[in-house]
Amino acid sequence: MASVKSVALLGLSLLSQASAVKLLALNFAGQFYSLNLAFQSSTKASLKVVQNITACGVTPTWLHLDEETRTVYCIDESWLNEGLGSGNLSQWSAGPDFNKKDALTLTGSTDTEGNSVHGFTYGGPDGRSFIITSEYSPSTITTYRLPITSSTKALQKLEFTMAAPGPRPDRQDKPHPHAAFTDPTGDFLIVPDLGADLTRIFKIDGKTGELTACPAIASLPGDGPRHGLFRKTGRALKYYSLNEVSSSVGVYDVTYPDHSHGSKESCLSLKLVQTLSNYGPNVPLGNVTVKSAEIRTVGNFLYASNRNDTTFGFEQDSIAIFKIGNDGKLQFQELTNAHGYYPRSFSFNEAGTYAAIAGQTTANIAIVKRDTKTGKLGPLVTNLILPPRGTYGGEDGVSNVIWVE
Ligand SMILES: *[C@@H]1O[C@H](CO)[C@@H](O)[C@H](O)[C@H]1NC(C)=O
Ligand SMILES: *[C@@H]1O[C@H](CO)[C@@H](O)[C@H](O)[C@H]1NC(C)=O
Ligand SMILES: *[C@@H]1O[C@H](CO)[C@@H](O)[C@H](O)[C@H]1NC(C)=O
Ligand SMILES: *[C@@H]1O[C@H](CO)[C@@H](O)[C@H](O)[C@H]1NC(C)=O
(Lines give C-alpha, C1' and ligand atoms only; values in the text may rest on other atoms or scores of the structure.)
(Ligands and ions follow the chains in the order given, each with its own letter.)
Protein backbone atom coordinates (compact mmCIF):
# COMPACT_ATOMS: atom_id res chain seq x y z
CA MET A 1 0.00 0.00 0.00
CA ALA A 2 1.31 3.45 -0.86
CA SER A 3 2.35 5.53 2.11
CA VAL A 4 0.53 8.74 2.91
CA LYS A 5 3.69 10.62 1.97
CA SER A 6 4.03 9.08 -1.50
CA VAL A 7 0.34 9.62 -2.17
CA ALA A 8 0.80 13.25 -1.19
CA LEU A 9 3.87 13.53 -3.45
CA LEU A 10 1.95 11.95 -6.30
CA GLY A 11 -0.83 14.47 -5.75
CA LEU A 12 1.67 17.32 -5.84
CA SER A 13 3.36 16.12 -9.03
CA LEU A 14 -0.03 15.63 -10.71
CA LEU A 15 -0.95 19.17 -9.67
CA SER A 16 2.27 20.62 -11.09
CA GLN A 17 1.88 18.60 -14.30
CA ALA A 18 -1.72 19.65 -14.75
CA SER A 19 -0.77 23.21 -13.96
CA ALA A 20 2.24 23.49 -16.27
CA VAL A 21 0.49 26.23 -18.18
CA LYS A 22 1.72 29.06 -20.28
CA LEU A 23 0.34 32.43 -21.10
CA LEU A 24 1.26 34.95 -23.75
CA ALA A 25 1.03 38.68 -23.18
CA LEU A 26 1.82 41.89 -25.02
CA ASN A 27 2.94 45.29 -23.86
CA PHE A 28 2.07 48.17 -26.22
CA ALA A 29 5.71 49.28 -25.92
CA GLY A 30 6.69 46.39 -28.21
CA GLN A 31 7.27 43.51 -25.77
CA PHE A 32 5.97 40.04 -26.55
CA TYR A 33 6.08 37.85 -23.42
CA SER A 34 5.68 34.14 -22.81
CA LEU A 35 4.86 33.42 -19.17
CA ASN A 36 4.98 30.31 -17.04
CA LEU A 37 2.33 29.81 -14.36
CA ALA A 38 3.25 27.28 -11.66
CA PHE A 39 0.85 26.40 -8.85
CA GLN A 40 1.94 25.65 -5.29
CA SER A 41 -1.70 25.11 -4.33
CA SER A 42 -5.05 26.01 -5.84
CA THR A 43 -4.83 29.53 -4.39
CA LYS A 44 -1.07 30.09 -4.58
CA ALA A 45 1.00 30.29 -7.73
CA SER A 46 3.93 32.05 -9.29
CA LEU A 47 3.91 33.70 -12.68
CA LYS A 48 7.30 34.14 -14.34
CA VAL A 49 8.63 35.53 -17.61
CA VAL A 50 10.07 32.72 -19.82
CA GLN A 51 10.64 34.74 -22.98
CA ASN A 52 10.71 38.50 -23.52
CA ILE A 53 11.07 39.57 -27.14
CA THR A 54 10.92 42.99 -28.73
CA ALA A 55 8.56 42.12 -31.56
CA CYS A 56 5.28 42.53 -33.44
CA GLY A 57 5.92 46.07 -34.61
CA VAL A 58 5.78 49.27 -32.59
CA THR A 59 2.38 48.96 -30.84
CA PRO A 60 1.42 45.26 -30.48
CA THR A 61 -2.21 45.07 -29.44
CA TRP A 62 -3.83 41.67 -30.07
CA LEU A 63 -2.98 37.94 -30.08
CA HIS A 64 -5.00 35.34 -31.95
CA LEU A 65 -4.23 31.69 -31.17
CA ASP A 66 -5.00 28.82 -33.53
CA GLU A 67 -5.11 26.17 -30.80
CA GLU A 68 -4.89 23.15 -33.09
CA THR A 69 -1.74 24.19 -34.94
CA ARG A 70 -0.42 26.28 -32.01
CA THR A 71 0.07 29.19 -34.37
CA VAL A 72 -0.13 32.66 -32.87
CA TYR A 73 -0.89 35.78 -34.89
CA CYS A 74 0.28 39.09 -33.47
CA ILE A 75 -1.54 42.25 -34.51
CA ASP A 76 0.13 45.66 -34.36
CA GLU A 77 -1.78 48.91 -33.92
CA SER A 78 0.91 51.31 -35.15
CA TRP A 79 0.14 53.51 -38.07
CA LEU A 80 2.02 55.67 -40.58
CA ASN A 81 -0.37 58.58 -40.04
CA GLU A 82 0.75 58.78 -36.40
CA GLY A 83 4.40 58.87 -37.39
CA LEU A 84 4.90 55.39 -35.97
CA GLY A 85 5.92 53.59 -39.17
CA SER A 86 3.79 51.01 -40.92
CA GLY A 87 1.87 48.33 -39.10
CA ASN A 88 3.09 44.77 -38.70
CA LEU A 89 1.32 41.41 -38.93
CA SER A 90 3.39 38.51 -37.60
CA GLN A 91 2.92 34.77 -37.28
CA TRP A 92 4.54 32.65 -34.57
CA SER A 93 4.85 29.00 -33.69
CA ALA A 94 4.23 28.17 -30.03
CA GLY A 95 5.58 24.75 -29.29
CA PRO A 96 5.87 21.86 -28.96
CA ASP A 97 8.16 22.42 -25.96
CA PHE A 98 6.86 25.66 -24.62
CA ASN A 99 9.14 25.60 -21.59
CA LYS A 100 12.16 26.69 -23.58
CA LYS A 101 13.24 30.27 -23.85
CA ASP A 102 13.10 30.06 -27.64
CA ALA A 103 9.84 28.09 -27.84
CA LEU A 104 8.11 31.02 -29.45
CA THR A 105 9.52 31.37 -32.96
CA LEU A 106 8.69 33.77 -35.76
CA THR A 107 7.41 31.93 -38.87
CA GLY A 108 6.34 34.90 -40.99
CA SER A 109 5.64 38.61 -41.01
CA THR A 110 4.62 41.39 -43.32
CA ASP A 111 4.07 45.11 -43.04
CA THR A 112 0.52 46.43 -43.21
CA GLU A 113 -1.17 49.77 -43.73
CA GLY A 114 -1.48 49.95 -39.97
CA ASN A 115 -3.79 50.70 -37.04
CA SER A 116 -5.14 47.13 -36.82
CA VAL A 117 -6.70 46.44 -33.41
CA HIS A 118 -7.81 42.80 -33.82
CA GLY A 119 -7.19 39.67 -35.91
CA PHE A 120 -9.01 36.38 -36.52
CA THR A 121 -8.57 33.39 -38.86
CA TYR A 122 -11.33 32.14 -41.17
CA GLY A 123 -12.22 30.33 -44.39
CA GLY A 124 -10.83 27.34 -46.28
CA PRO A 125 -11.48 23.68 -45.40
CA ASP A 126 -10.61 24.11 -41.72
CA GLY A 127 -11.24 27.79 -40.97
CA ARG A 128 -7.57 28.77 -41.10
CA SER A 129 -6.83 29.74 -44.70
CA PHE A 130 -7.19 33.51 -44.22
CA ILE A 131 -6.86 36.15 -41.53
CA ILE A 132 -8.93 39.32 -41.16
CA THR A 133 -7.81 42.44 -39.31
CA SER A 134 -9.86 45.49 -38.24
CA GLU A 135 -8.48 49.02 -38.55
CA TYR A 136 -9.92 51.46 -36.03
CA SER A 137 -9.12 54.93 -37.42
CA PRO A 138 -8.88 54.12 -41.16
CA SER A 139 -12.40 52.53 -40.80
CA THR A 140 -11.37 49.39 -42.71
CA ILE A 141 -11.28 45.62 -42.48
CA THR A 142 -8.51 43.82 -44.38
CA THR A 143 -8.01 40.17 -45.32
CA TYR A 144 -4.80 38.21 -46.03
CA ARG A 145 -4.15 34.67 -47.24
CA LEU A 146 -2.31 32.40 -44.80
CA PRO A 147 0.41 31.53 -44.11
CA ILE A 148 1.97 34.96 -43.75
CA THR A 149 5.21 35.40 -45.70
CA SER A 150 7.36 38.44 -46.43
CA SER A 151 5.56 38.82 -49.78
CA THR A 152 2.05 38.69 -48.26
CA LYS A 153 -0.22 41.43 -49.57
CA ALA A 154 -3.75 42.39 -48.60
CA LEU A 155 -6.40 40.32 -50.39
CA GLN A 156 -9.42 42.54 -49.83
CA LYS A 157 -9.89 45.83 -48.03
CA LEU A 158 -13.31 47.28 -47.25
CA GLU A 159 -13.65 50.87 -46.06
CA PHE A 160 -16.75 52.06 -44.21
CA THR A 161 -18.25 55.54 -44.20
CA MET A 162 -21.15 57.27 -42.46
CA ALA A 163 -23.06 60.45 -43.22
CA ALA A 164 -22.87 62.15 -39.80
CA PRO A 165 -21.29 61.59 -36.36
CA GLY A 166 -23.14 59.38 -33.86
CA PRO A 167 -24.65 60.40 -30.48
CA ARG A 168 -21.17 60.35 -28.84
CA PRO A 169 -19.25 62.48 -31.38
CA ASP A 170 -16.02 62.22 -29.34
CA ARG A 171 -15.98 58.45 -29.93
CA GLN A 172 -18.34 58.17 -32.91
CA ASP A 173 -16.86 60.70 -35.38
CA LYS A 174 -16.73 58.00 -38.08
CA PRO A 175 -16.94 54.20 -38.40
CA HIS A 176 -14.53 52.34 -36.09
CA PRO A 177 -14.54 48.60 -36.81
CA HIS A 178 -13.06 47.09 -33.64
CA ALA A 179 -13.03 43.34 -34.34
CA ALA A 180 -14.00 40.70 -36.92
CA PHE A 181 -14.69 37.05 -36.08
CA THR A 182 -16.68 34.12 -37.43
CA ASP A 183 -20.10 32.82 -36.37
CA PRO A 184 -20.38 29.16 -35.20
CA THR A 185 -20.82 27.84 -38.79
CA GLY A 186 -17.75 29.68 -40.04
CA ASP A 187 -19.79 30.95 -43.01
CA PHE A 188 -20.14 34.56 -41.78
CA LEU A 189 -17.97 37.27 -40.28
CA ILE A 190 -19.26 39.62 -37.59
CA VAL A 191 -17.76 43.11 -37.34
CA PRO A 192 -18.73 45.30 -34.35
CA ASP A 193 -18.41 48.93 -35.46
CA LEU A 194 -17.99 51.23 -32.45
CA GLY A 195 -18.27 54.45 -34.44
CA ALA A 196 -21.30 53.57 -36.57
CA ASP A 197 -23.35 51.78 -33.85
CA LEU A 198 -23.58 48.76 -36.13
CA THR A 199 -22.89 45.06 -36.04
CA ARG A 200 -21.77 44.47 -39.62
CA ILE A 201 -22.20 41.01 -41.15
CA PHE A 202 -20.34 39.49 -44.12
CA LYS A 203 -20.82 36.26 -46.01
CA ILE A 204 -17.57 34.35 -46.56
CA ASP A 205 -16.56 32.65 -49.78
CA GLY A 206 -14.65 29.79 -48.13
CA LYS A 207 -12.51 29.12 -51.22
CA THR A 208 -11.35 32.62 -52.11
CA GLY A 209 -11.74 34.24 -48.70
CA GLU A 210 -13.79 36.99 -50.35
CA LEU A 211 -16.38 38.81 -48.24
CA THR A 212 -19.81 40.02 -49.37
CA ALA A 213 -21.73 42.48 -47.21
CA CYS A 214 -25.03 41.39 -45.61
CA PRO A 215 -27.46 43.90 -44.06
CA ALA A 216 -25.84 45.42 -40.94
CA ILE A 217 -27.69 45.36 -37.60
CA ALA A 218 -28.15 48.59 -35.64
CA SER A 219 -27.26 48.64 -31.95
CA LEU A 220 -28.89 51.10 -29.54
CA PRO A 221 -27.72 54.65 -30.38
CA GLY A 222 -24.52 55.34 -28.46
CA ASP A 223 -23.76 51.68 -27.68
CA GLY A 224 -20.45 51.67 -29.51
CA PRO A 225 -20.12 47.89 -30.03
CA ARG A 226 -16.50 46.75 -29.65
CA HIS A 227 -16.28 42.96 -29.27
CA GLY A 228 -18.76 40.06 -29.24
CA LEU A 229 -19.26 36.31 -29.14
CA PHE A 230 -21.77 33.58 -29.92
CA ARG A 231 -22.95 31.04 -27.36
CA LYS A 232 -25.53 28.29 -27.38
CA THR A 233 -27.49 27.56 -24.20
CA GLY A 234 -29.56 24.42 -24.74
CA ARG A 235 -31.16 25.18 -28.10
CA ALA A 236 -30.91 28.96 -27.73
CA LEU A 237 -28.11 30.40 -29.85
CA LYS A 238 -27.44 34.03 -28.92
CA TYR A 239 -24.99 36.70 -29.98
CA TYR A 240 -23.62 38.83 -27.12
CA SER A 241 -22.27 42.29 -27.95
CA LEU A 242 -19.86 44.13 -25.66
CA ASN A 243 -20.80 47.79 -26.04
CA GLU A 244 -17.79 49.92 -25.09
CA VAL A 245 -19.38 53.39 -25.22
CA SER A 246 -22.56 52.58 -23.26
CA SER A 247 -20.70 50.04 -21.05
CA SER A 248 -23.33 47.38 -21.60
CA VAL A 249 -23.95 43.96 -23.08
CA GLY A 250 -26.54 43.49 -25.85
CA VAL A 251 -28.15 40.07 -26.32
CA TYR A 252 -29.28 39.21 -29.86
CA ASP A 253 -31.38 36.37 -31.34
CA VAL A 254 -29.60 34.71 -34.26
CA THR A 255 -31.42 33.66 -37.44
CA TYR A 256 -29.92 31.65 -40.29
CA PRO A 257 -31.34 31.59 -43.82
CA ASP A 258 -33.82 28.72 -44.18
CA HIS A 259 -33.15 27.23 -47.62
CA SER A 260 -35.59 24.33 -47.07
CA HIS A 261 -38.47 26.70 -47.83
CA GLY A 262 -36.96 27.94 -51.08
CA SER A 263 -35.95 31.26 -49.47
CA LYS A 264 -33.38 33.25 -51.43
CA GLU A 265 -32.24 34.92 -48.20
CA SER A 266 -28.56 34.11 -47.79
CA CYS A 267 -27.55 36.12 -44.75
CA LEU A 268 -27.30 35.56 -41.04
CA SER A 269 -29.42 38.06 -39.14
CA LEU A 270 -29.47 39.36 -35.54
CA LYS A 271 -32.27 40.84 -33.45
CA LEU A 272 -31.64 42.75 -30.22
CA VAL A 273 -33.67 41.24 -27.36
CA GLN A 274 -31.97 42.55 -24.20
CA THR A 275 -29.46 45.22 -23.12
CA LEU A 276 -27.95 45.30 -19.64
CA SER A 277 -25.61 47.83 -18.08
CA ASN A 278 -22.28 46.40 -16.95
CA TYR A 279 -22.89 48.14 -13.61
CA GLY A 280 -26.19 46.54 -12.63
CA PRO A 281 -29.91 46.95 -13.35
CA ASN A 282 -30.39 50.46 -11.90
CA VAL A 283 -27.47 52.16 -13.60
CA PRO A 284 -28.25 54.19 -16.74
CA LEU A 285 -26.25 53.44 -19.91
CA GLY A 286 -23.61 55.73 -21.32
CA ASN A 287 -21.42 57.03 -18.47
CA VAL A 288 -18.84 59.15 -20.32
CA THR A 289 -15.91 58.48 -17.95
CA VAL A 290 -15.95 54.68 -18.15
CA LYS A 291 -15.54 52.28 -21.07
CA SER A 292 -16.01 48.54 -21.22
CA ALA A 293 -13.53 46.42 -23.15
CA GLU A 294 -13.67 42.63 -23.23
CA ILE A 295 -16.37 39.94 -23.12
CA ARG A 296 -15.96 36.21 -22.34
CA THR A 297 -18.22 33.31 -21.43
CA VAL A 298 -17.38 30.22 -19.43
CA GLY A 299 -19.90 27.73 -18.05
CA ASN A 300 -23.26 29.47 -17.65
CA PHE A 301 -21.67 32.85 -16.96
CA LEU A 302 -20.72 35.87 -19.02
CA TYR A 303 -18.03 38.35 -18.01
CA ALA A 304 -17.47 41.92 -19.22
CA SER A 305 -14.54 44.11 -18.17
CA ASN A 306 -14.99 47.76 -17.21
CA ARG A 307 -12.25 50.36 -17.57
CA ASN A 308 -11.77 53.50 -15.47
CA ASP A 309 -14.58 52.85 -12.96
CA THR A 310 -12.23 52.25 -9.98
CA THR A 311 -15.10 50.46 -8.23
CA PHE A 312 -12.66 48.65 -5.92
CA GLY A 313 -10.44 51.62 -5.08
CA PHE A 314 -7.39 53.35 -6.53
CA GLU A 315 -6.48 51.70 -9.88
CA GLN A 316 -8.83 48.80 -9.15
CA ASP A 317 -11.43 48.52 -11.90
CA SER A 318 -14.14 45.88 -12.22
CA ILE A 319 -15.44 42.92 -14.16
CA ALA A 320 -19.21 42.46 -14.41
CA ILE A 321 -20.57 38.93 -13.95
CA PHE A 322 -23.85 37.85 -15.58
CA LYS A 323 -25.63 34.52 -15.27
CA ILE A 324 -26.83 33.07 -18.58
CA GLY A 325 -30.40 31.73 -18.29
CA ASN A 326 -31.76 28.66 -20.11
CA ASP A 327 -33.17 31.00 -22.77
CA GLY A 328 -29.76 32.64 -23.25
CA LYS A 329 -30.83 35.90 -21.60
CA LEU A 330 -28.67 37.48 -18.93
CA GLN A 331 -29.09 38.31 -15.30
CA PHE A 332 -26.63 40.71 -13.62
CA GLN A 333 -24.86 39.04 -10.66
CA GLU A 334 -22.20 41.39 -9.33
CA LEU A 335 -19.05 43.40 -9.97
CA THR A 336 -15.76 41.75 -9.07
CA ASN A 337 -12.27 43.22 -8.65
CA ALA A 338 -10.15 43.22 -11.83
CA HIS A 339 -7.03 43.76 -9.66
CA GLY A 340 -5.70 46.36 -12.06
CA TYR A 341 -6.51 49.59 -13.85
CA TYR A 342 -7.96 49.56 -17.38
CA PRO A 343 -8.64 45.80 -17.87
CA ARG A 344 -8.49 45.84 -21.67
CA SER A 345 -8.03 42.07 -21.97
CA PHE A 346 -8.84 38.99 -19.90
CA SER A 347 -9.25 35.29 -20.61
CA PHE A 348 -10.01 32.01 -18.85
CA ASN A 349 -8.08 28.74 -18.80
CA GLU A 350 -9.72 25.76 -20.53
CA ALA A 351 -11.09 24.27 -17.31
CA GLY A 352 -12.65 27.62 -16.42
CA THR A 353 -10.95 27.52 -13.02
CA TYR A 354 -8.75 30.63 -13.40
CA ALA A 355 -8.86 33.98 -15.15
CA ALA A 356 -5.90 36.03 -16.36
CA ILE A 357 -6.73 39.74 -16.29
CA ALA A 358 -4.50 42.29 -18.02
CA GLY A 359 -4.59 45.70 -16.39
CA GLN A 360 -3.56 47.93 -19.31
CA THR A 361 -2.31 51.06 -17.54
CA THR A 362 -1.04 49.22 -14.44
CA ALA A 363 0.75 46.83 -16.87
CA ASN A 364 -0.08 43.82 -14.73
CA ILE A 365 -1.38 40.30 -15.22
CA ALA A 366 -3.59 39.20 -12.32
CA ILE A 367 -4.40 35.51 -12.00
CA VAL A 368 -7.63 34.98 -10.05
CA LYS A 369 -9.44 31.80 -9.12
CA ARG A 370 -12.87 31.10 -10.60
CA ASP A 371 -15.60 29.16 -8.80
CA THR A 372 -17.11 26.92 -11.50
CA LYS A 373 -20.43 26.60 -9.59
CA THR A 374 -21.13 30.24 -8.68
CA GLY A 375 -19.08 31.89 -11.45
CA LYS A 376 -17.49 34.18 -8.83
CA LEU A 377 -13.92 35.39 -9.33
CA GLY A 378 -11.29 35.55 -6.61
CA PRO A 379 -9.17 35.39 -4.63
CA LEU A 380 -6.12 36.80 -6.36
CA VAL A 381 -3.64 33.94 -6.81
CA THR A 382 -0.68 35.86 -8.17
CA ASN A 383 0.15 39.15 -9.88
CA LEU A 384 2.98 40.07 -12.27
CA ILE A 385 4.01 43.47 -13.60
CA LEU A 386 5.14 43.58 -17.23
CA PRO A 387 6.79 46.99 -17.62
CA PRO A 388 6.59 49.68 -18.82
CA ARG A 389 3.40 50.89 -17.18
CA GLY A 390 0.96 53.00 -19.17
CA THR A 391 -0.20 56.58 -18.80
CA TYR A 392 -3.77 57.60 -17.88
CA GLY A 393 -5.98 57.30 -20.94
CA GLY A 394 -2.99 56.36 -23.14
CA GLU A 395 -2.67 53.57 -25.70
CA ASP A 396 0.15 52.01 -23.69
CA GLY A 397 0.77 49.40 -20.99
CA VAL A 398 -0.28 45.75 -21.28
CA SER A 399 -2.60 45.20 -24.25
CA ASN A 400 -3.42 41.48 -24.34
CA VAL A 401 -3.20 38.17 -22.48
CA ILE A 402 -4.12 34.64 -23.63
CA TRP A 403 -3.64 31.09 -22.27
CA VAL A 404 -1.78 28.47 -24.30
CA GLU A 405 -2.56 25.05 -22.80
C1 LIG B 1 7.45 42.79 -38.12
O2 LIG B 1 7.62 42.05 -36.92
C3 LIG B 1 8.51 40.97 -37.04
C4 LIG B 1 8.45 40.21 -35.72
O5 LIG B 1 8.75 41.01 -34.64
C6 LIG B 1 9.90 41.49 -37.37
O7 LIG B 1 10.81 40.42 -37.49
C8 LIG B 1 9.84 42.27 -38.68
O9 LIG B 1 11.08 42.86 -38.95
C10 LIG B 1 8.77 43.37 -38.60
N11 LIG B 1 8.62 43.96 -39.91
C12 LIG B 1 8.63 45.26 -40.11
C13 LIG B 1 8.45 45.71 -41.54
O14 LIG B 1 8.78 46.05 -39.20
C1 LIG C 1 -19.68 57.30 -13.88
O2 LIG C 1 -18.75 56.35 -13.35
C3 LIG C 1 -17.92 56.87 -12.32
C4 LIG C 1 -16.92 55.81 -11.97
O5 LIG C 1 -17.56 54.61 -11.59
C6 LIG C 1 -18.81 57.30 -11.15
O7 LIG C 1 -17.98 57.86 -10.15
C8 LIG C 1 -19.83 58.31 -11.61
O9 LIG C 1 -20.69 58.61 -10.56
C10 LIG C 1 -20.63 57.78 -12.79
N11 LIG C 1 -21.44 58.87 -13.31
C12 LIG C 1 -22.74 58.71 -13.59
C13 LIG C 1 -23.43 59.90 -14.15
O14 LIG C 1 -23.33 57.65 -13.42
C1 LIG D 1 11.68 42.86 -21.29
O2 LIG D 1 12.67 43.47 -22.12
C3 LIG D 1 12.58 44.89 -22.21
C4 LIG D 1 13.57 45.37 -23.25
O5 LIG D 1 14.82 44.76 -23.07
C6 LIG D 1 12.78 45.50 -20.83
O7 LIG D 1 12.62 46.91 -20.90
C8 LIG D 1 11.73 44.92 -19.88
O9 LIG D 1 11.93 45.41 -18.58
C10 LIG D 1 11.80 43.40 -19.87
N11 LIG D 1 10.70 42.90 -19.05
C12 LIG D 1 10.88 42.16 -17.96
C13 LIG D 1 9.65 41.77 -17.23
O14 LIG D 1 11.97 41.83 -17.57
C1 LIG E 1 -11.42 58.38 -16.03
O2 LIG E 1 -12.38 58.86 -15.12
C3 LIG E 1 -12.13 60.16 -14.65
C4 LIG E 1 -13.25 60.52 -13.67
O5 LIG E 1 -13.45 59.48 -12.77
C6 LIG E 1 -12.10 61.15 -15.80
O7 LIG E 1 -11.76 62.42 -15.33
C8 LIG E 1 -11.10 60.70 -16.84
O9 LIG E 1 -11.18 61.54 -17.97
C10 LIG E 1 -11.36 59.28 -17.26
N11 LIG E 1 -10.28 58.82 -18.12
C12 LIG E 1 -10.53 58.21 -19.26
C13 LIG E 1 -9.29 57.84 -20.04
O14 LIG E 1 -11.62 57.93 -19.68
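Visitor: Which polar side-chain atom lies 2.8 Å from a nitrogen atom of ligand 3?

Guide: A polar contact is a pair of N or O atoms within 3.5 Å; within protein, one must be able to donate a hydrogen and the other to accept it, and residues adjacent in sequence count only if both atoms are side-chain atoms. Here the atom belongs to the side chain of Tyr-33, 2.8 Å from a nitrogen atom of ligand 3. Before we go on, note that this is a predicted model, where local features need pLDDT of at least 70 and side-chain atom pairs count only at pLDDT 80 or more, while totals for chains, interfaces and linings use all residues. Residues are numbered from 1 along each chain as its sequence is written, chains are lettered from A and ligands numbered from 1 in the order in which they are written, and side-chain values use heavy atoms, with hydrogens and water left out.

Visitor: What surrounds ligand 3?

Guide: A residue is near a molecule or strand if one of its heavy atoms lies within 4 Å of it. Around ligand 3 these are Gln-31, Tyr-33, Val-49, Asn-52 and Pro-387. They divide into 3 nonpolar, 2 polar and no charged. In this scheme Ala, Val, Leu, Ile, Met, Phe, Trp, Tyr, Cys and Pro count as nonpolar, Asp, Glu, Lys and Arg as charged, and the others, Gly among them, as polar.

Visitor: Which residues are around ligand 1?

Guide: Ala-55, Cys-56, Asn-88, Trp-92, Leu-106, Ser-109 and Asp-111 are around ligand 1. The protein covers 55% of the 360 Å² of accessible area that this ligand has on its own. Strand S6 (87-94) and S7 are the elements that give two or more residues to the shell, and S7 has the largest share, 3 residues. Strands (E, at least two residues) and helices (H or I, at least four) are DSSP runs, numbered from the N terminus. By type, the shell holds 4 nonpolar, 2 polar and 1 charged. Among the contacts, a polar side-chain atom of Asn-88 lies 2.4 Å from an oxygen atom of ligand 1, and a polar backbone atom of Cys-56 is 2.9 Å from an oxygen atom of the ligand.

Visitor: And which residues are around ligand 4?

Guide: Thr-289, Asn-308, Tyr-342 and Gly-393 are the residues there. For ligand 4, the protein covers 44% of the 360 Å² that it has on its own. The side chain of Asn-308 has an N or O atom 2.4 Å from an oxygen atom of ligand 4. This shell divides into 1 nonpolar, 3 polar and no charged.

Visitor: How many aromatic pairs does the structure hold?

Guide: Rings of Phe, Tyr and Trp (its six-membered ring) pair if their centres lie within 6.5 Å; planes under 30 degrees apart count as stacked, over 60 as edge-to-face and the rest as tilted. The structure holds 14 aromatic pairs. One of them is Phe-188 with Tyr-256, a tilted pair at 6.2 Å centre to centre with 50° between the planes. This pair links distant parts of the chain, 68 residues apart: Phe-188 is in strand S13 (residues 188-193), and Tyr-256 is in the loop between strand S18 (248-255) and strand S19 (269-277).

Visitor: Is Phe-188 buried or exposed?

Guide: Buried means under 20% relative accessible area, exposed over 50%, and partly exposed in between (1.4 Å probe, protein chains only). Phe-188 counts as buried because its relative accessibility is 3%, while Tyr-256, at 27%, is partly exposed.

Visitor: Which residues form one aromatic cluster?

Guide: Phe-120, Phe-181, Phe-230, Tyr-239 and Tyr-252 do. Tyr-239 and Tyr-252 are both buried.

Definitions and conventions
Accessible areas come from the Shrake-Rupley method with a 1.4 Å probe; for residues, only the protein chains shown count as cover.
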